[in-house]
Structure formats: structure tokens, C-alpha cells
Amino acid sequence: MSVTFINCFEVAPEADTDFLERWHKINAYMAGQPGYQSHALHRALGEDAGYRFVNVVRWSNAEEFAAAQDDGFRALVTPDYPYRFVPALFEVIDTGAAVGGAE
């Protein structure tokens with residue numbers, strides 16, 4: 001069963017460039033791991049949002065996601081990583097779509 005990894009990041013607006021440089025390196029590493037399917041990085045429109053960035057990643061299953069948290073990953077997310085993050089793994093239990101077109 002596929003799973004969704006959602007990670008919320010606290011980043012000050014003036015740190016966007018640094019955060020994105022770090023995130024791209026980590027994401028490139030993870031994208032090369034078995035089971036990685038896709039990602040969507042979101043940035044809040046308002047500067048007062050509690051979490052400026054939210055990353056949503058699809059993995060083929062929880063086991064491959066767990067295996068990807070290896071030494072290579074840990075080398076990129078060092079103890080001095082400057083951004084607080086709140087990660088969690090989810091399963092999809094309901095979906096929906098708009099019915100009809102917007103006028």
C-alpha cells in the first residue's frame with residue numbers, strides 16, 4: 001500500500017534561499033531511493049503561517065520509506081540542521097474531487 005510522507009517546516013521568510021538549497025539536496029537524494037514516487041513542495045502565501053513550507057511525498061510503501069532514512073540521508077540532515085520540522089507518515093483514507101465546473 002502506498003503511503004504519503006508530510007513534513008512541515010518552520011522557516012523565516014528571509015531564510016527561503018538557504019532552506020531551498022538544503023531541501024533540494026535532500027530531495028535529490030531521497031528521489032533516488034527505492035520506493036520514492038513523487039513530491040510536491042508547498043510554500044505558504046502569507047508570511048505569518050506557522051509552517052512556511054510543507055513537503056508532501058508519495059512512497060510505494062512504509063518499508064521503503066523507512067529504509068531510505070539511511071546513513072546518506074542522515075549525513076544531509078545533520079544535528080545542526082537549522083530548521084524545525086514536523087514529519088509524519090500517512091495513509092490515504094478518503095479522496096474527492098469537485099463535481100462540475102466552476103462558473
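How many positive and how many negative side chains does the chain have, and how far apart do the centres of the two sets lie? Colour by charge and you will find 7 positive and 15 negative side chains, with the two centres 5 Å apart. Keep in mind as you go that this is a predicted model.

**The whole chain**

Start with a cartoon view. The chain holds three helices and four strands, and reading along the sequence gives the pattern β-α-β-β-α-α-β. The C-alpha trace spans about 50 × 35 × 20 Å along its principal axes. Of the 103 residues, 27% count as buried. As for how the chain comes together, take the contacts between residues at least 6 apart in sequence: 73% of them join residues at least 24 apart.

**The nonpolar core**

Next, select Val11, Phe19, Trp59 and Tyr81. These have the most contacts inside the largest nonpolar core, a set of 19 residues. Strand E1 (3-10), helix H1 (16-31) and strand E3 (53-59) each supply at least two residues of this core, and the largest share, four residues, comes from H1.

Gln33 is found in the loop between H1 and strand E2 (36-43). Is Gln33 buried or exposed? Its relative accessible area is 16%, under the 20% cut-off, so Gln33 counts as buried. Again leaving aside neighbours within four places, Gln33 is in contact with Trp59, Ala68 and Asp70.

**The aromatic rings**

Now show the rings of Phe, Tyr and Trp. A search of the whole structure finds nine aromatic pairs. Zoom in on Phe5 and Phe65, a tilted pair at 4.8 Å centre to centre with 35 degrees between the planes. Phe5 lies in strand E1 and Phe65 in helix H2 (residues 62-67), so this pair ties together parts that are 60 residues apart in sequence. Both Phe5 and Phe65 are buried.

Move on to Tyr81 and Phe85, which form an edge-to-face pair: 5.7 Å centre to centre, 80 degrees between the planes. Tyr81 is buried, with a relative accessible area of 12%, whereas Phe85 is partly exposed at 33%.

For a last stop, select Phe9, Phe19, Phe53, Tyr81, Tyr83 and Phe85 together: ring pairs link these residues into a cluster.

Terms used. Residues are numbered from 1 along each chain as its sequence is written. This is a predicted model: local features need pLDDT of at least 70, side-chain atom pairs count only at pLDDT 80 or more; totals for chains, interfaces and linings use all residues. Side-chain values use heavy atoms; hydrogens and water are left out. A nonpolar core is a set of buried Ala, Val, Leu, Ile, Met, Phe, Trp, Tyr and Cys residues joined through side-chain atoms within 4.5 Å. Buried means under 20% relative accessible area, exposed over 50%, partly exposed in between (1.4 Å probe, protein chains only). Contact means heavy atoms within 4.5 Å. Lys and Arg count as positive and Asp and Glu as negative; His and the chain ends are not counted. The place of a charge is taken as NZ of Lys, CZ of Arg, CG of Asp or CD of Glu. Rings of Phe, Tyr and Trp (its six-membered ring) pair if their centres lie within 6.5 Å; planes under 30 degrees apart count as stacked, over 60 as edge-to-face and the rest as tilted.
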